Amino acid sequence: MTDPIADYLTRLRNAISANHRVVEVPASNLKKEITKVLFEKGYILNYKFVEDGPQGTIKIALKYDPVNKVNAIKKLIRVSTPGLRRYTGYREMPRVLNGLGIAILSTSKGVMTDKEAREAKIGGEVLCFIY
């Protein structure tokens, strides 16, 4: 597999389109950090790290609106790819839907959202857009 983050986002996207409640994803440290950010920002209901085998898995409970059965995540877009890395400084930080969505960045201080990186005045690699 050449792009594990794209695989992670695709698994989430497929589970959302199939109206699944829980999705299992192979674990890595970067995927764990992205999952924590999604939980903190309210895009997923819950998560659990399962240590089975050499790699382990992440079980993610997806968040749905109980009345309309609409998922909290509308769109997941991979920005930086292994073939074309996208980096940004804090001054040119992208705004997703005028601040309604989030951009997840990998910075020298760890994985964080665009707003947190702007406040800390650090740039980094733009991993994905979520709204």
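The legends below describe several views of one protein chain, taken from a predicted model.

In this predicted model, local features need pLDDT of at least 70, side-chain atom pairs count only at pLDDT 80 or more, and totals for chains, interfaces and linings use all residues. Residues are numbered from 1 along each chain as its sequence is written, and side-chain values use heavy atoms, with hydrogens and water left out.

View 1. The secondary structure of the protein chain comes to 3 helices and 8 strands, where helices (H or I, at least four residues) and strands (E, at least two) are DSSP runs, numbered from the N terminus. Read along the sequence, these elements follow the pattern α-β-α-β-β-β-β-β-β-α-β. The C-alpha trace spans about 40 × 40 × 25 Å along its principal axes. A compact globule of 131 residues would have a radius of gyration near 14 Å, and the 15 Å of the protein chain agrees with this; the radius is taken over C-alpha atoms, and the globule rule is 2.2 Å times the number of residues to the power 0.38. Of the 131 residues, 40% count as buried, a word that here means under 20% relative accessible area, while exposed means over 50% and partly exposed lies in between (1.4 Å probe, protein chains only).

**View 2. An open sheet of 3 strands.** The strands stand in the order β1-β3-β2, and their pairing is antiparallel; two strands pair if DSSP finds at least two bridges between them. The edge strands are β1 (22–26) and β2 (44–50), each of which pairs on one side only, and the twist averages 20 degrees from one strand to the next. Strand β3 (residues 57–62) and β2 pair in the antiparallel sense over 6 bridges, and within this pairing Y47 stands opposite I60 in β3.

**View 3. Two helices and the sheet.** Helix α1 (residues 4–17) packs on the sheet and touches β1 and β3, a contact being heavy atoms within 4.5 Å. The direction of helix α1 makes about 165 degrees with that of β1, where axes are lines fitted to C-alpha atoms, for helices over the stretch in contact, and angles run from 0 to 180 degrees between N-to-C directions. Helix α2 (residues 29–40) lies across β1, β2 and β3, and runs at about 155 degrees to β2.

View 4. A search of the whole structure finds 8 salt bridges, each defined as a side-chain nitrogen of Lys or Arg within 4 Å of a carboxyl oxygen of Asp or Glu. In helix α2, K36 and E33 lie 3 residues apart, about one turn of the helix, and their side chains meet at 3.5 Å, N to O. K36 is partly exposed at 29% relative accessible area, and E33 is also partly exposed, at 31%. In helix α3 (residues 114–120), D114 and R118 are 4 residues apart, about one helical turn, and form a salt bridge at 3.7 Å, N to O. D114 is buried at 2% relative accessibility, whereas R118 is partly exposed at 26%.

View 5. The side chains of E125 and R85 meet at 3.0 Å, N to O. E125 lies in strand β8 (residues 124–130) and R85 in the loop between β4 (76–78) and β5 (87–88), so the pair ties together parts that are 40 residues apart in sequence. E125 is buried, with a relative accessible area of 12%, whereas R85 is partly exposed at 39%.
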